[in-house]
Amino acid sequence: MNLSALDLSRLQFAFTVSFHIIFPAMSIGLASFIAVLEAAWLKTGKPHYKTLCLFWSKIFAVGFGMGVVSGVVMAYQFGTNWAGFSKFAGPITGPLLTYEVMTAFFLEAGFLGIMLFGWDRVGRRAHFGATLLVAIGTLISTFWILASNSWMQTPQGFSIENGHVVPLDWFAIIFNPSFPYRLAHMAIAAFIVGALVVAATGAWHLLHGRRDPAVKTMFSMALWLLLVLAPVQAVVGDQHGLNTRKYQPAKIAAIEGLWETEKGGTSLNLIGFPDMQAEETRYAIKIPHLGSVILTHTWTGEIRGLKDFPKDDRPNSSIIFWTFRIMAGLGMLMILLALIGLILRRHDRIYESRLYQRAMLAMGPAGFITLLAGWITTEAGRQPWVVYNVLRTAQAVSPVTQQDVGVSLMIFVVVYFLVFCTGIYYILKLMRLGPPLDDLAPPVPSGNVNSSGRRPLAAVE
């Protein structure tokens with residue numbers, strides 16, 4: 001493979017961001033889940049809510065730490081690999097990322113210590129306030145990161161002077177046309193990722209015979225959240241698609257593998273294999289008019305084909321055609337499983353159906369796969385632009401050689417697999433151990449107790 005410095009830089013950034021995004025997404029979902037658990041404990045006094053708080057806080061802390069580390073590496077790459085982008089768009093992306101650090105990261109980092117270690121050092125309400133602020137901080141971080149990335153997708157509110165952008169209207173920059181849809185889509189995706197992780201952990205322990213309140217509660221709460229958010233995500237995704245068709249029509253054509261502009265109604269390519277060289281989608285299975293119904297909400301709506309755009313401006317349909325279908329297919333499966341869970345709940349079988357529990361255990365990684373597929377669709381679909389219709393990706397790369405990027409990429413691959421796979425292994429180990437059974441333990445007898453009971457393992461049967 002004769003990859004250029006541009007290709008290797010793109011591959012390196014794709015590799016590092018793929019590792020990075022899974023940790024913030026899980027952290028966003030878990031932070032809010034922990035806050036809800038603590039609120040339930042404060043209201044009801046039931047000990048299993050606190051048990052779950054302590055258990056998921058450990059997992060959140062590990063994921064948060066790995067997200068911070070991988071995020072720092074990505075920030076350095078803007079200077080090392082994408083100096084052209086930093087020089088051109090820095091007056092906008094720089095302040096937006098600074099706002100994220102000042103308003104979100106400092107908030108999270110400042111109260112994380114109280115959330116993790118302040119249970120016996122501050123009052124209950126003060127501790128809950130710290131937990132709530134950490135959860136709010138993760139959402140504020142999402143706001144600023146999505147504002148920056150959405151501006152790159154649908155840039156507004158700027159002018160170009162002396163080879164770089166000059167911000168003119170910060171409200172237009174932040175609340176650019178795609179921002180509301182992408183913010184909602186990402187936030188809901190993060191909650192779904194967290195719900196699936198919690199549901200899979202609960203399913204694992206149900207399959208291994210546990211029926212204590214902590215396991216049943218986290219399994220039930222995760223399924224309720226999935227039942228609500230998975231259909232909402234489908235609606236938000238539909239609106240996002242309409243917005244993308246308006247502002248990034250080439251991306252929509254590539255997602256659909258659509259080459260010709262069809263008059264009187266556009267078919268949907270259910271499956272197929274887009275060929276960028278032959279300019280056709282091979283072995284396509286088409287459903288007449290369904291493309292118009294989905295993307296225009298009309299029977300005869302017209303969608304521009306890829307041949308309407310210059311070859312140099314076309315995204316790679318062979319990639320995003322399938323990443324989009326992976327995302328959409330797994331999303332529909334989530335809705336189906338959530339509905340099945342509701343039926344089982346009504347028949348009091350949700351904690352006893354081993355087949356359903358195995359299905360939810362298998363769906364544990366589905367949130368991450370869906371998230372990565374969605375981001376690949378979004379970012380690869382923007383190509384060949386790094387700032388859509390303003391700055392090409394080829395103009396954004398640093399003046400580096402193939403050897404420079406190739407060596408750094410190999411180092412990243414080795415280090416990331418060593419460090420982050422170790423972290424992921426540790427998270428999975430914590431999940432396998434599950435929440436402790438302290439709230440179900442029998443009371444310690446009063447009176448004289450043999451001194452051997454003070455040994456660490458003396459009480460273990």
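This report describes the overall build, the surface and the charged side chains of one protein model.

## Basis of the model

The model is predicted, and local features need pLDDT of at least 70, side-chain atom pairs count only at pLDDT 80 or more, while totals for chains, interfaces and linings use all residues. Residues are numbered from 1 along each chain as its sequence is written, and side-chain values use heavy atoms, with hydrogens and water left out.

## Overall build

The protein contains 14 helices and six strands; these are DSSP runs numbered from the N terminus, with helices (H or I) of at least four residues and strands (E) of at least two. Along the principal axes, its C-alpha atoms fill a box of roughly 85 × 50 × 45 Å.

The radius of gyration is 25 Å, which agrees with the value near 23 Å that a compact globule of 461 residues would have. This radius is taken over C-alpha atoms, and the globule rule is 2.2 Å times the number of residues to the power 0.38. Among contacts (heavy atoms within 4.5 Å) between residues at least 6 apart in sequence, 78% join residues at least 24 apart.

## Surface and burial

The accessible surface comes to about 22500 Å², and 66% of this area belongs to carbon and sulfur atoms. Such areas come from the Shrake-Rupley method with a 1.4 Å probe; for residues, only the protein chains shown count as cover.

Of the 461 residues, 49% count as buried. Buried means under 20% relative accessible area, exposed means over 50%, and partly exposed lies in between (1.4 Å probe, protein chains only).

## Charged side chains

There are 35 positive and 26 negative side chains, and the centres of the two sets lie 9 Å apart. Lys and Arg count as positive and Asp and Glu as negative, whereas His and the chain ends are not counted. The place of a charge is taken as NZ of Lys, CZ of Arg, CG of Asp or CD of Glu.

## Salt bridges

Side chains of opposite charge can pair when their charged atoms come close. The structure holds 11 salt bridges, each defined as a side-chain nitrogen of Lys or Arg within 4 Å of a carboxyl oxygen of Asp or Glu. In one of them, the closest N and O atoms of arginine 210 and aspartate 212 are 2.7 Å apart. Arginine 210 is buried because its relative accessibility is 16%, and aspartate 212 is buried at 6%.

Glutamate 379 and arginine 382 also form a salt bridge, with their closest N and O atoms 2.8 Å apart. About one helical turn separates the two, because they are three residues apart in helix H12 (residues 366-382). Arginine 382 is buried, at 4% relative accessible area. Elsewhere, salt bridges with shared partners join Asp275, Glu280 and Arg282 into one network.
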